[in-house]
Each structure stands twice: as structure tokens, then as C-alpha cells.
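Hello,

Here is the structure we talked about handing over. My notes on it follow below.

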Amino acid sequence: MVSPQGYALITGASSGIGEEFARQLAARGWSLVLVARSQDRLEQVRGELMSAHMGIDVVAIPLDLTVSGAPAELFQRTQAAHLDVDLLVNNAGVGALGEFASLDLNRVRQMIDLNIVALVELAHLYLQPMMRRRRGGIIHIASVAGFAPLPYSAVYAATKAFVKSFSDALFEEACQRGVHVMAVNPGTTETNFFRVAGESPFSHRARMQTSAEVVRESLRAFDRKKSSIVTGTSNRLLVVALTLLPRRWITSAVARAMRRANIGVPGKGQ
Ligand SMILES: NC(=O)c1ccc[n+]([C@@H]2O[C@H](COP(=O)([O-])OP(=O)(O)OC[C@H]3O[C@@H](n4cnc5c(N)ncnc54)[C@H](OP(=O)(O)O)[C@@H]3O)[C@@H](O)[C@H]2O)c1
């Protein structure tokens with residue numbers, strides 16, 4: 001892995017997988033830039049990490065990344081403060097479950113703005129100085145949901161398919177210039193995600209991974225210079241099945257499961 005001389009910038013660091021990246025990277029000696037909307041929560045994480053790890057700096061920047069120009073503002077603020085970002089963890093993301101036609105269109109647009117637009121803009125902004133220094137890394141949080149179309153989670157799954165495709169291509173371009181790009185594909189993980197996205201039949205699996213497990217596997221894969229990783233053995237088996245089974249069979253099985261759980265009914269699972 002890139003050695004912790006500069007800063008690791010983590011989006012969505014106020015909870016779940018992003019917060020756990022902050023904890024495990026701080027334990028490896030990284031200084032951090034933490035980004036999310038919840039200022040109080042970011043300050044709490046910042047305080048805990050600063051007192052637990054001597055010699056690291058932790059900066060909290062509260063920001064709504066769906067606001068137009070927010071990624072550029074974030075980049076300018078880190079540049080102005082001379083915070084050299086050697087590792088970008090593009091993690092912030094939301095889901096929205098329900099029948100596509102019944103979802104609030106603003107909510108759908110915000111999901112695309114966060115999961116795709118902000119992620120691409122941040123990668124573009126921070127990749128350039130990394131390439132000039134010929135050092136650095138970018139971790140993109142995709143999902144096993146990006147491996148197949150998911151009825152009643154149609155746009156979310158499509159945003160994650162975008163992240164996966166974008167990252168796989170970027171890995172090849174960036175490695176020529178000394179920068180390592182990796183996509184992480186977790187399955188259902190114990191976080192606030194489903195509280196925001198809405199509960200689904202897949203959010204109650206008997207054995208979900210914890211954020212700590214997802215991040216431990218991710219950092220190990222990043223150390224080994226992998227281009228992408230599916231975390232968790234059962235998720236890896238699921239991805240093998242998703243790539244082997246006919247797409248139409250998968251989409252109709254998922255649609256039936258979602259309808260049984262009333263996810264497709266307007267007003268439910270929103
Ligand atoms: N949990 C799962 O089952 C699962 C599975 C596969 C992939 N993932 C992916 O993992 C990533 C992290 O999700 P999580 O599971 O850790 O969920 P989470 O606990 O809900 O965390 C989401 C993070 O994103 C931040 N965020 C949301 N909207 C934002 C905005 N407009 N601007 C800036 N930050 C924003 C949230 O902070 P604020 O609310 O304070 O802004 C929070 O820190 C997402 O990309 C998700 O798609 C999750």
C-alpha cells in the first residue's frame with residue numbers, strides 16, 4: 001500500500017464502512033480528511049482518532065457532495081491547506097428501494113449525483129496531483145449489486161455497475177502513472193445503509209459482514225495491488241452465480257422476492 005506520508009481522504013466517514021476505513025487507516029498511521037454532511041458525528045470521530053493515535057492529523061470537512069461544485073470546493077480546500085491527498089476513498093453512497101416510477105425523482109437524481117457524479121469528479125481532481133507525484137491510490141466502493149440488474153433497486157444497482165466498470169478501466173490507465181485504483185464490492189453489510197435506502201429481503205441475511213471485516217479485506221487486497229475485490233466468501237459465491245446464470249432468470253427471481261416483501265408497492269420500502 002502507499003505509505004502514510006500524506007493524507008487519506010474518506011467520503012462518507014461519519015458512519016458505516018467509511019468510518020471504519022478512517023479507524024483502520026488511522027491505526028496504520030495515516031493522517032485523515034473526513035468528509036460527510038453530519039458535522040457533529042465527524043467531529044466526534046475526529047476527536048476519538050486524534051486521542052487514540054499519536055502523531056496523526058485528522059481534519060473534518062462537513063459537506064454535501066450532491067451540491068453542484070462541492071467536489072471542486074473540497075479539492076480547493078485541501079489544496080489551500082496543503083493537505084497532500086495520497087489516498088482517496090470514494091465511499092459515500094446511498095440507495096433507494098422501490099418501484100422506479102414511484103420513487104421521488106429528486107431522490108433518484110441525488111443518488112446519481114452522489115454515487116456517480118461526485119465520485120467521478122473527486123477521482124478526476126485528486127488523480128492529477130497523484131499522477132504528477134507518481135504515487136497514490138484510489139479506492140472506490142462499488143457493490144455486489146453492480147454485478148446484475150436489480151428490479152426495485154434499479155438505479156442504485158446501475159450506479160454501482162457504473163462504479164465497477166469505471167474503476168476497472170481506470171486501474172489500467174492509472175497504474176501506468178504510478179497510481180493504484182481498486183474497486184471494493186461488498187455484499188449486505190451491517191451499517192445505516194438500509195435505514196436510509198429502505199429495508200429489502202436481502203437486508204436481513206443471517207450473516208451480514210461487519211464494516212470492520214469489509215475494510216480489513218479491502219486494505220489487504222489494496223496492499224496486494226488488486227484491481228478489485230468482492231468481500232466475504234458467500235458474496236464471492238453469489239457473484240459467481242450472478243455471472244453464470246441467465247440475466248432474465250436473475251431479474252425475475254429478484255423481482256418476485258421484492259414483490260413478496262412489498263418493496264414494489266408504492267409508499268412501501270421508500
Ligand atoms: N451496507 C451495505 O449493505 C452496502 C453494500 C454494498 C455497498 N455499500 C456501499 O458502501 C458505501 C458506504 O455505505 P454504508 O453501508 O457505510 O452506509 P452508511 O452507514 O449509511 O454510510 C453512508 C455515508 O455516506 C455519507 N453521505 C450520504 N449522503 C451524503 C452526501 N450527500 N454528501 C456527503 N456524504 C454523504 C453519510 O454521511 P452523512 O449522512 O453524515 O452525510 C455516511 O457517512 C456506499 O457507497 C454504499 O453504496 C453498502
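The largest share of the shell around the ligand comes from α1, which gives three residues. Please keep in mind that this is a predicted model.

The shell counts 29 residues, and those that come nearest to the ligand are Gly12, Gly16, Arg37, Ser38 and Gly93. Two elements give two or more residues to this shell: α1 (16-27) and α6 (193-197). Sorted by class, 15 of the shell residues are polar, eleven are nonpolar and three are charged.

Now the chain as a whole. The protein chain has nine helices and nine strands. Its C-alpha trace spans about 55 × 35 × 35 Å along the principal axes. The radius of gyration is 18 Å, and because a compact globule of 270 residues would have a value near 18 Å, the two agree. Of the 270 residues, 43% count as buried. Among contacts with a separation of 6 or more, 71% are between residues 24 or more positions apart.

I looked at helix α4 in some detail. The helix runs over residues 105-133, 29 residues in total, and reaches 41 Å from its first C-alpha to its last. That is close to the 42 Å expected at 1.5 Å a residue. After the helix comes Arg134, with a positive phi near 50°.

Which residues of α4 are buried? They are Met111, Leu114, Asn115, Ala118, Leu119, Glu121, Leu122, Ala123, Tyr126 and Met130.

Pro71 is found in α3, and it counts as buried because 24 C-beta neighbours lie inside 10 Å, where 20 or more are needed. Leaving aside neighbours within four places in sequence, Pro71 is in contact with Leu65, Ala118, Glu121, Leu122 and Leu125. Of these partners, Ala118, Glu121 and Leu122 are also among the buried residues of α4. Pro71 and Leu125 are 54 residues apart along the chain, yet their C-alpha atoms are separated by 8.2 Å.

That is what I have on this structure.

Regards

Conventions:
Residues are numbered from 1 along each chain as its sequence is written. This is a predicted model: local features need pLDDT of at least 70, side-chain atom pairs count only at pLDDT 80 or more; totals for chains, interfaces and linings use all residues. Helices (H or I, at least four residues) and strands (E, at least two) are DSSP runs, numbered from the N terminus. The expected span of a helix is 1.5 Å times one less than its number of residues. A residue is buried if 20 or more other C-beta atoms lie within 10 Å of its own, exposed if 12 or fewer, and partly exposed in between; C-beta atoms are placed from the backbone. A residue is near a molecule or strand if its C-beta atom, placed from the backbone, lies within 6 Å of it. Ala, Val, Leu, Ile, Met, Phe, Trp, Tyr, Cys and Pro count as nonpolar, Asp, Glu, Lys and Arg as charged, and the others, Gly among them, as polar. Two residues are in contact if their C-beta atoms, placed from the backbone, lie within 7 Å. The radius of gyration is taken over C-alpha atoms; the globule rule is 2.2 Å times the number of residues to the power 0.38.
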